[in-house]
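Here is a short briefing on a protein model.

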Amino acid sequence: MPTARRTLTLTLLLVAAGSLIFTTGAAVVDGPADTAADGNLAVQPADGPNGQYAYLNNDDEIAIDVSASNPNIQDPSFEGVNVGATGTIDEVFTITYTGEQFARVWIAYPNESVTFVADGESIEGNESSVTLAPNGTVTIGLALDTRGATAGTRLGANEFSIEAKLAEPEDMADSSPETGESAGGIDGGDPSVTVTSPSETSRGFRASDVARGGSVRFEADGMYLAGGNVTLDGLDLGGVRAESVGVNAVGSPDPVANGSALAAPTTPRPISYLSVDHDFAPDEVDEMAIRFSADRDYLDSIGAEPEAVTLYRQTDAGEWAEKPTAVVDDPTRTREVSADRVYFRATTTEFSTFAVAAQVSRFDVTDATVASGVIEPGEAVTVRAAVRNGGGAAGERAVTLTADGDPIGNETVALAPNETATVALRGTVETAGTYELALDGTPVGTLTVGDAGDGDARESAAGSGSPQAGGSAPATEPGDDAEEGVPTEEPSGVDLVGLGGLLAALFLAVIGLALFRRVSRS
């Protein structure tokens, strides 16, 4: 049955009311803008797809409209924000300070469902202000929480204000860019970072105004890789030599599009996959760190020790290469990531498709030999074999010896990665006959159980398929070990007792056949 789409509408109108009058600066803001604080604050729609939610209305005021009433949205199916959703619409509008001194800027808007954010953090209230250098710009987004709302609710529809205050000397101590030019980022020099199109399994990241050779930290806030069991917590770029960098990340428990399943010589167990697309040249970024975490109970359920979890990258040739991965003891925890998880950090100098995996042990049994192929009932048979752990993790395994599929012996072997050991397994068979021996299902030889000096008896036992129970001796041939005084049966003689037994056996066989047929038909 189709599910009706439940949406909210959101309309926010801005009136910029500066709390201070600044000295007019000489900076020029390109394009139309809503100004505040005697023209020292210029508010404009942001560049990028989310800038469509902001526009200047007929009064040249910035309007923020996330609803079907927005004239910039041409999609007729767009209705608003989903009910019960949480998320961030980043990079909606910008605030540029055009004064000659440093200023602290924040937004006043008391609404529990809508929060104005910069770089993923609230910018509401004096305590959450950002410091802007002359000509500095901060990019603003919206964090939405519509849980508990009902369809048709109109969030906002009232005014909020932009507040500004000249910065005190202690606020400016770390605000001047090293180059002497405005970096255009938060706190006067840090890159301006935005997150676009967030969903449970994807994030779009962008950083602008990056200092040459600097670093960029993208927070993914627990993006799903394998549901909540394994999540992406963040991506860190180091040695960035581009003013602006963008990364798109998509997670999945299955191989991603245009990728293949993880396959490596150590046969690791794939847990999840991560696709990373980027818009920068390979020589513009020295290194990327991938921060991810896993639920402890989940790792226990799949038998994976934290130290066995690792990251692989798929090369251009389609092969998988393991990347340096470490358990992080005391990470900087991000929002929506619980403290009872295991945190990991892997580094790579190349970017493409990755797989989170667990190194597991892999045991192979080879070179098996049977000490003797003929034994008496109840006598032990010994099988020797080489057991090798070709996996990427230490482990132990019980190797089982079977005769015609029935276990007759086992031995537990503990091996380190790439270690080989020789084991000897002993087992006994009580019933005469011919048996196929196997180690963990791999045939290793034939075993004959019975009188080693009586080949005809062993052949008879093997041909009948019904070994004599209890290790009873096979029937003797006429003349072998015959007692004195016992007459030898003539070939032409007919023993009525024996004939009666033969008829009884034939009768039982017919009954058994009839019973078998009746059972098989039911």
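**Salt bridges and a cavity**

Arg206 is partly exposed, with 29% relative accessible area. The model is predicted. It holds eight salt bridges. A search of the whole structure finds one cavity of 30 Å³ or more.

**Arg206 and Asp279**
- The side chains of Arg206 and Asp279 form a salt bridge, at 2.3 Å from N to O.
- This pair links distant parts of the chain, 73 residues apart. Arg206 sits in strand E15, and Asp279 in the loop between strands E19 and E20.
- Asp279 is partly exposed, at 45% relative accessible area.

**A salt-bridge network**
- Arg291 pairs with Glu219, their closest N and O atoms being 3.5 Å apart.
- Arg291 is in strand E20 and Glu219 in strand E16, so the bridge ties together parts 72 residues apart in sequence.
- Salt bridges with shared partners join Arg217, Glu219, Asp236 and Arg291 into one network.
- Arg291 is buried, at 10% relative accessibility, while Glu219 is partly exposed, at 26%.
- Asp236 and Arg217 meet in a salt bridge of 3.3 Å, N to O.
- Asp236 lies in strand E17 and Arg217 in strand E16, so this pair ties together parts 19 residues apart in sequence.
- Asp236 is buried, at 13%, whereas Arg217 is partly exposed, at 39%.

**The cavity**
- The largest cavity holds about 40 Å³ of space.
- Its lining includes Asp90, Glu91 and Asp119.
- Strand E12 gives the most to that lining, with three residues.
- The lining residues divide into four nonpolar, four polar and three charged.

**Thr347**
- Thr347 lies in strand E24.
- Thr347 counts as buried, at 18% relative accessibility.
- Among the residues Thr347 touches are Glu287, Met288 and Lys323.

Terms used
Residues numbered from 1 in each chain as written. Predicted model: local features only at pLDDT ≥ 70, side-chain atom pairs only at ≥ 80, totals over all residues. Heavy atoms only, no water. 1 Å grid on protein atoms, 1.4 Å probe; cavity = no way out; pocket = protein on both sides within 12 Å on 5 of 7 lines; lining within 4 Å. Points joined across faces, edges and corners; volume = space filled by probe spheres on them. Helix = DSSP H or I, 4+ residues; strand = E, 2+ residues; numbered from the N terminus. Nonpolar A, V, L, I, M, F, W, Y, C, P; charged D, E, K, R; others polar. Buried < 20%, exposed > 50% of the residue type's maximum accessible area, 1.4 Å probe, protein only. Contact = heavy atoms within 4.5 Å. Salt bridge = Lys/Arg side-chain N within 4 Å of Asp/Glu carboxyl O. Lists of a residue's contacts leave out its neighbours within four places in sequence.
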